[in-house]
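Colleague: I have the chain open and want to go through the terms you use. Tell me what each one rests on.

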Amino acid sequence: MEDDITKISPGFTVKNQEPNPIIESPIADEIFSPTIPVFISGSATDPEDGLLLGETYSWTIDQISYPKQNSFFVEGLAPGNHTVTLTVTDSQKLSASTSSSFTILPLSLYMSSSPNLDGQCNEYASENNTIHFNLKPYSDDTRAHVSLLRSSDSLWVCFQGLKHINSSNVVVAVDRDSSGNDAQSDDLLYALNDNGYVSIRSGNGAGGFDSPPPSTANFQSSAFQITSTLWSAEFKIPLGSLLQKQLRLLFGHLPPITRLSKDRVQYFYPYNAVLTSPKTWASTTLI
Ligand SMILES: [Ca+2]
Ligand SMILES: [Ca+2]
Ligand SMILES: [Ca+2]
């Protein structure tokens with residue numbers, strides 16, 4: 001197809017030029033607190049089209065896709081380094097990309113007094129050193145809320161707003177030495193079932209959590225019925241000699257195993273964590 005310019009200048013071809021995407025937020029190597037949503041924003045111009053709108057934007061963070069828009073907030077990213085990529089496409093289907101890296105700081109747990117192990121989370125609100133975050137949203141976009149603190153010998157985790165899902169498990173996984181790609185024998189999965197059943201499993205070193213726990217794996221938990229559809233749960237996990245150490249932690253609400261499938265939804269923090277892969281969990285510093 002000929003356009004006006006090629007009619008005026010025979011033999012001269014106007015080549016479509018690629019668009020120019022810019023990531024405006026985060027700025028390069030920006031550092032974020034772990035429990036605050038990260039603002040992602042970009043813009044793009046094109047020599048032929050001018051300003052490009054958000055529907056031509058394609059975002060990924062660590063290869064995971066996000067909505068086609070100019071800006072959005074992202075929650076539940078794991079502590080560590082991340083890469084955000086913006087790809088924009090002009091009206092002639094020519095694309096260009098740009099990337100930026102940013103860092104989420106580890107969870108930092110300062111010493112606190114012990115709460116009451118009663119399945120309720122109200123006393124966490126008045127404790128300065130509590131860390132608060134959400135699990136990945138349920139399908140109706142509500143989300144369970146997690147409060148976390150530590151005392152001299154224990155890690156305390158309180159889950160609020162848990163949906164009743166028959167035979168589901170509320171879990172905390174602890175990688176005590178922050179090592180290894182697969183869950184190892186010293187990596188423990190603490191679980192409280194919707195029916196009140198408590199279990200502890202350790203990693204088998206080959207991608208599973210099916211080994212019995214060590215005899216030292218003391219664990220206490222308590223559940224509380226808030227309404228007919230919501231409950232809360234509180235965990236007391238012994239820290240042993242882990243003062244001043246790095247851990248990796250995973251928090252989640254898992255639908256029953258009978259619903260296991262390729263597209264099984266798991267409500268984790270970090271949102272995209274993998275149960276059997278501690279390197280995807282939340283790096284945590286005990287201070
Ligand atoms: Ca163009
Ligand atoms: Ca309590
Ligand atoms: Ca480990």
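Colleague: What makes β2-β9-β8-β5-β6 an open sheet, and which pairing does it have?

Modeller: First, a caution: this is a predicted model, where local features need pLDDT of at least 70, side-chain atom pairs count only at pLDDT 80 or more, and totals for chains, interfaces and linings use all residues. Residues are numbered from 1 along each chain as its sequence is written, and chains are lettered from A and ligands numbered from 1 in the order in which they are written. Now the sheet. 5 strands form it in that order, and the pairing is mixed. Strands here are DSSP runs (E, at least two residues), numbered from the N terminus, as are helices (H or I, at least four). Two strands pair if DSSP finds at least two bridges between them. The edge strands, β2 (30–32) and β6 (64–66), each pair on one side only.

Colleague: How do you know that β2 pairs with β9?

Modeller: Count the bridges. There are 3 between β2 and β9 (residues 95–104), and the rule asks for at least two, so they pair. The two strands run parallel. F32 stands opposite I104 in β9.

Colleague: How many strands and helices does the chain have?

Modeller: 21 strands and 1 helix.

Colleague: What makes the set of 58 residues a nonpolar core?

Modeller: Such a core is a set of buried Ala, Val, Leu, Ile, Met, Phe, Trp, Tyr and Cys residues joined through C-beta atoms within 7 Å. Buried means 20 or more other C-beta atoms within 10 Å of the residue's own (exposed is 12 or fewer, partly exposed in between; C-beta atoms are placed from the backbone). The 58 residues form the largest such set, so the name applies. V146, V157 and A173 are among those with the most contacts inside it. Strand β13 (residues 154–163) gives the largest share, 6 residues. The core draws at least three residues from each of domain 1 and domain 2.

Colleague: Which residues does A173 contact, leaving aside neighbours within four places in sequence?

Modeller: D187, L188, L189, L249, L250, L275 and W281.

Colleague: What share of the chain counts as buried?

Modeller: 33% of the 287 residues.

Conventions
Domains from an automatic or database assignment. Contact = placed C-beta atoms within 7 Å.
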